[in-house]
Structures are given as structure tokens and as C-alpha cells.
Amino acid sequence: MKTVPEAKALEQVGDRWTLLILWASLNGISRFDDYQRELGVARNILSTRLRRLVDSGLLAKRPVHEGARRLEYRVTAKGQELHGPLREIEAWGARWKDR
């Protein structure tokens, strides 16, 4: 079976938590504890999804500052390209939330 671009894209961002984490990242969240607090996601799920986002090149993991042990996640150029589509999903959800 031939893999279509849509299937490849959905492999990278095709579940609720992945999209919510990416959305939070695009809105300034960058640390593990902040994602957990903001989204209410379980630690194991958050850890898995962040790893997948880094592996797919949508987020990059970096030290908070030089020499620090604590890490933060930053949206890459690839991830930034999803900002428009995520805004469209948000607008669609707002229009249809009560129906």
C-alpha cells in the first residue's frame, strides 16, 4: 500500500494529546511541568508524546540555559508550519462546539 502525505502527517500529529502539546508549545509552554499543569495530561503520556514530537522534528529539546540539567522544548520551523492549520482547527471547534 502506498503511503500518502496525509497518512504520514497523521502519524506525526494524529492524536489528541500530540496536537494539544504542540498547540501549548506554539503558545509559549516549554517545560514538562508546565505542560502537565496546563493540559492535565498524565506524566507517562506527556513523556511519550514529547519524545515523539522531538523524534519527528516538530519540537527540539534543549537545556533551559547553558550548563543546566533542566530541559525545555522549543517549536522547530517544521512545527511552526502547523500554527496556521491548528488555528483553523481551533476556529472550526469554536464554530461547532455546541452542535
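1. Arg49 sits in helix α4, residues 43-55 (helices are DSSP runs of H or I, at least four residues, numbered from the N terminus).

2. A word on the basis: this is a predicted model, where local features need pLDDT of at least 70, side-chain atom pairs count only at pLDDT 80 or more, and totals for chains, interfaces and linings use all residues. Residues are numbered from 1 along each chain as its sequence is written, and side-chain values use heavy atoms, leaving out hydrogens and water.

3. Do look at the partner of Arg49: Asp15 forms a salt bridge with Arg49, with the closest N and O atoms 3.2 Å apart (a side-chain nitrogen of Lys or Arg within 4 Å of a carboxyl oxygen of Asp or Glu). The pair links distant parts of the chain, 34 residues apart, with Asp15 in the loop between α1 (5-13) and α2 (16-26). Asp15 is partly exposed, at 22% relative accessibility.

4. The structure holds 4 salt bridges. Another of them joins Asp33 and Arg43 (3.7 Å, N to O), and this one links helix α3 to helix α4. Both ends are partly exposed, Asp33 at 34% and Arg43 at 47%.

5. Within helix α3, Asp34 and Arg37 are 3 residues apart, about one turn of the helix, and their side chains meet in a salt bridge at 2.3 Å, N to O. Asp34 is partly exposed at 26%, whereas Arg37 is exposed at 62%.

Definitions and conventions. Helices (H or I, at least four residues) and strands (E, at least two) are DSSP runs, numbered from the N terminus. Buried means under 20% relative accessible area, exposed over 50%, partly exposed in between (1.4 Å probe, protein chains only).
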